[in-house]
Amino acid sequence: MAAACPRPGDGLSGSDCRGQDSSSRSRKMAALRSLKGMVGIVTGGASGLGRATVERLVQQGASAVMLDLPTSEGSNVAKALGNQCLFTPADVTSEADVKNALAMAREKFGRLDIAVNCAGIAVAVKTYNAKKELPHSLEDFQRVITVNIAGTFNVIRLAAGEMGKNEPDPDGHRGVIVNTASVAAFDGQVGQAAYSASKGGIVGMTLPIARDLAPMGIRVVTIAPGLFATPLLAGLPEKVRTFLARQVPFPSRLGDPGEYAHLVQAIVENPMLNGEVIRLDGAIRMQP
Ligand SMILES: NC(=O)c1ccc[n+]([C@@H]2O[C@H](COP(=O)([O-])OP(=O)(O)OC[C@H]3O[C@@H](n4cnc5c(N)ncnc54)[C@H](O)[C@@H]3O)[C@@H](O)[C@H]2O)c1
């Protein structure tokens, strides 16, 4: 099938279809975007990978809306980051909560350019515990699926409506959505049926949502992190942390949340990244 030409109104002229002269190439490179002045909402923004992303947005001159549970540290973290950060207490699985968070974002910052989905939960339970003759709790399985998949989708669908109100930039862009899966989507370990299924769901919906939102000029990219030093892992004994770090081929350590945030920035800045899942894992492949 021949490559599709840009659609009318997406900011590229017909000549871009026919030739790749140096001036058109440099014009496209000029479309690399800067975070400065953008507004981003980050779910799970009060902790770990989400918090590092909020901090990076603010450091780079963007405004950050930190969406997290009312019980989280969000309020204190936002205060420490100053006027360019707003905490919106919300549960990602609630339509009313997310709508309210987006309305608060619009009221304070006037627009939405970026949505980063970091909110997520995990359980570690075998499908069937033969010793106790106990099947995995169906309720736990459904809770992980609901928060990780439905929660991510809820934020995507509502954030897309906000981004759709933006004037497109010269490249036709109105916004970027970044989701967080996990290497567990590909190399799920014992006890990770629910978590791996939920992260596999995020991987699976990345391309169709990117296709759905392409006519609006909104890109969708998913990051699949390996092992990162967030509060989740900080709670483990030092011995276990060292063992886990040694499993990473190179660099042989846990990832820094700042490295996740750096990739979010790269995704926002690079207009050709779309519909893709990027592993960020130091080449680790998890053992069973
Ligand atoms: N840390 C890792 O090594 C790692 C690896 C792979 C994937 N991930 C994924 O990255 C994401 C962030 O992980 P983290 O390590 O930063 O975890 P974390 O526990 O430090 O942060 C998660 C945040 O999500 C919030 N949250 C949970 N449920 C929510 C809900 N229903 N509504 C709103 N907020 C909610 C929590 O309050 C918390 O602040 C998760 O989706 C996780 O599965 C993490």
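## Close-up views of a predicted model and its ligand

The shell around the ligand is made of 15 nonpolar, eight polar and three charged residues. Here Ala, Val, Leu, Ile, Met, Phe, Trp, Tyr, Cys and Pro count as nonpolar, Asp, Glu, Lys and Arg as charged, and the others, Gly among them, as polar. This is a predicted model, in which local features need pLDDT of at least 70 and side-chain atom pairs count only at pLDDT 80 or more, while totals for chains, interfaces and linings use all residues. Residues are numbered from 1 along each chain as its sequence is written, and side-chain values use heavy atoms, with hydrogens and water left out.

View 1. How many residues surround the ligand? There are 26, and the closest are S47, D68, Y195, F228 and T230. Helices (H or I, at least four residues) and strands (E, at least two) are DSSP runs, numbered from the N terminus. The ligand sits in the largest pocket. On a 1 Å grid over the protein atoms alone, a pocket is an open set of points with protein on both sides within 12 Å along at least five of seven lines, whereas in a cavity a 1.4 Å probe fits but cannot get out; lining residues have an atom within 4 Å of a point. A molecule sits in a pocket if more than half of its atoms lie within 2 Å of its grid points.

View 2. Let us look at individual atoms. A polar contact is a pair of N or O atoms within 3.5 Å; within protein, one must be able to donate a hydrogen and the other to accept it, and residues adjacent in sequence count only if both atoms are side-chain atoms. A polar side-chain atom of D68 is 2.6 Å from an oxygen atom of the ligand. From K199, an N or O atom of the side chain lies 2.8 Å from a ligand oxygen atom. F228 uses its backbone instead: an N or O atom there is 2.8 Å from an oxygen atom of the ligand. Taken alone the ligand exposes 830 Å², and the protein buries 90% of that. Accessible areas come from the Shrake-Rupley method with a 1.4 Å probe, and for residues only the protein chains shown count as cover.

View 3. Buried means under 20% relative accessible area, exposed over 50%, and partly exposed in between (1.4 Å probe, protein chains only). The T43 side chain reaches the backbone nitrogen of C118 at 2.9 Å. V178, in strand β7 (residues 175–180), is buried too, with a relative accessible area of 0%. Its C-alpha atom is separated by 5.9 Å from that of V220, 42 residues apart along the chain.

**View 4. P231 and G48.** P231 lies in helix α8 and is exposed, with a relative accessible area of 53%. P231 and G48 are 183 residues apart in sequence, but 6.1 Å apart in space, C-alpha to C-alpha.

**View 5. The loop between α9 and α10.** P251 lies in the loop between α9 (238–246) and α10 (257–269). A cis peptide bond joins F250 and P251, with omega about -5 degrees. D256 is also in the loop between α9 and α10, and counts as partly exposed at 42% relative accessibility. A polar atom of the D256 side chain lies 2.7 Å from the backbone nitrogen of G258. Which distance separates D256 and A52 in space? They are 9.1 Å apart, C-alpha to C-alpha, and 204 residues apart in sequence.

**View 6. Positive phi angles.** E133 is not a glycine, yet its phi is positive, near 50 degrees. E133 lies in the loop between β5 (128–129) and β6 (134–135), and counts as exposed at 62% relative accessibility. A283 also has a positive phi, about 70 degrees, although it is not a glycine. A283 lies in the segment after β9 (276–280) and is partly exposed, with a relative accessible area of 46%.

Conventions. Near = heavy atom within 4 Å.
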